[in-house]
Amino acid sequence: MIDKLEYFIALARERHFARAAEELGISQPTLSAAIRQLEDQLGVMLVNRGSRFQGLTPEGQRVLEWARRIVGDARTMREEMRAARTGLSGHIRLAAIPTTLAMVPKVTAPFQRKHPDVTFSVFSTNSLQILSLLENLEIDAGLTYLENEPLGRVTSVPLLQEHYCLVTAKGGPFADRERVTWKEAGDLSLCLLTADMQNRRIINRHFAEAGVAVKPTLESNSMIVLFSHVRTGHWCSIMPRNVAKSFGFHEEISVVSLVEPEPHHMVGLVATHREPFTPLVSALLHEARILAEIGLD
């Protein structure tokens, strides 16, 4: 039953039998047979079928909620028993929005020193995708914004307040200023994160508050790409101050405070709320709370 529920979760996520089978490492007939067996066991149709996958039935949507809960609990049980047998070990999958990537080592390094048998995978993505990955059990935790947009049923640990600034090359526009207004920054040639990023939606909102409809001349989902273009002297960018200071370009860039308005936004660690947490997630949340007390500024 657990295997069939995992297959069903993968199918709901991929919305395509062949892709789901490929992800699971099984044949498409094996997947189709498992889903039909699950339907027979439960006595309801789970999938609308035609020449291709046509979505879940209402009963399938409800079973998906149960499947995520049951599979999550089964994984927690296995991890608890492994931890009881061999100590804390395993693999943590962590997703982070681009503006928190420089923060990741402050979480992973002290954790790995305490638990050397734990390994990490770290992915960069947007805030909405982090919530989807958590819901589908594809990651264990995420670093993202804790405000502005609904998070759903998660446990969160606030870590850092973001304060926005203008990032410009040495000798570039406003490089000799201590402060610049959002309205002034709106007249510059800007490179910003792409519109699917919550950071960009926040920036757009603050420009709108200043009466500016911002039109960047370059967009990217990579902070390194943005920094590389700022260093040319042709572009400026808007970034959280902690990010602007974390990539080692101090001799080549100037960081200027943005005012009118002077917003700040909280970022932190999130994990799907469940009782009990897996031993790995519980330990990760504990480490995050320690970091929150120490402070990351």
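The largest nonpolar core holds 55 residues, and Leu 166, Phe 207, Ile 238 and Leu 269 are the members that touch the most others. A nonpolar core here is a set of buried Ala, Val, Leu, Ile, Met, Phe, Trp, Tyr and Cys residues joined through side-chain atoms within 4.5 Å. Buried means under 20% relative accessible area, exposed means over 50%, and partly exposed lies in between (1.4 Å probe, protein chains only). Helix H11 (residues 279-294) gives this core its largest share, seven residues.

Please keep in mind that this is a predicted model: local features need pLDDT of at least 70, side-chain atom pairs count only at pLDDT 80 or more, and totals for chains, interfaces and linings use all residues. Residues are numbered from 1 along each chain as its sequence is written, and side-chain values use heavy atoms, with hydrogens and water left out.

**Around the core**

Which residues does Ile 238 contact, leaving aside its neighbours within four places in sequence? Its partners are Tyr 164, Cys 165, Leu 166, Trp 182, Ala 185, Cys 191, Leu 192, Ile 203, Phe 207 and Leu 258; contact means heavy atoms within 4.5 Å.

Phe 111 sits in helix H5 (residues 104-114). Phe 111 counts as buried because its relative accessibility is 0%. Not counting residues up to four places away in sequence, Phe 111 touches Leu 88, Ile 92, Val 118, Phe 120, Leu 280, Ala 283, Leu 284 and Glu 287.

**The whole protein**

Stepping back, the protein has eleven helices and twelve strands. These are DSSP runs numbered from the N terminus: helices are H or I with at least four residues, strands are E with at least two. Along the principal axes, the C-alpha atoms fill a box of roughly 70 × 50 × 30 Å. Of the 297 residues in the protein, 48% are buried. Among contacts between residues at least 6 apart in sequence, 73% join residues at least 24 apart.

At what angle do helix H2 (residues 17-24) and helix H3 (residues 28-42) pack? The angle is about 105 degrees, and the axes are 8 Å apart. Axes are lines fitted to C-alpha atoms, for helices over the stretch in contact, and angles run from 0 to 180 degrees between N-to-C directions. H2 and H3 are therefore roughly perpendicular to each other, given that 65 to 115 degrees counts as roughly perpendicular, under 35 as roughly parallel, over 145 as roughly antiparallel and the rest as oblique. On the H2 side, the contact is made by Phe 17, Ala 18, Ala 20, Ala 21 and Leu 24, and on the H3 side by Gln 28, Leu 31, Ser 32 and Ile 35. The residues of this contact divide into seven nonpolar, two polar and no charged. In this grouping, Ala, Val, Leu, Ile, Met, Phe, Trp, Tyr, Cys and Pro count as nonpolar, Asp, Glu, Lys and Arg as charged, and the others, Gly among them, as polar.

**Cysteines**

How many disulfides does the rule find? The count comes to zero, with a disulfide being a pair of cysteine sulfur atoms within 2.5 Å. The table shows two of the cysteines.

Cys 165 counts as buried because its relative accessibility is 0%. Cys 191 is buried too, at 0% relative accessibility.

**Some residues to look up**

Arg 200 belongs to helix H8 (residues 198-209). Is Arg 200 buried or exposed? At 6% relative accessibility, Arg 200 counts as buried. Beyond residues up to four places away in sequence, Arg 200 touches Leu 192, Leu 193, Thr 194, Ala 195, Pro 216 and Glu 219.

Leu 137 is not a glycine, yet has a positive phi of about 65 degrees. Leu 137 lies in the loop between helix H6 (127-135) and strand S5 (141-145), and is buried with a relative accessible area of 12%. Phe 174, also not a glycine, has a positive phi of about 65 degrees. Phe 174 is in the loop between strand S6 (154-169) and strand S7 (179-181), and counts as partly exposed at 22% relative accessibility.

Finally, the peptide bond from Glu 260 to Pro 261 is cis, with omega near 10 degrees. Pro 261 is placed in the loop between strand S11 (253-259) and strand S12 (264-272).
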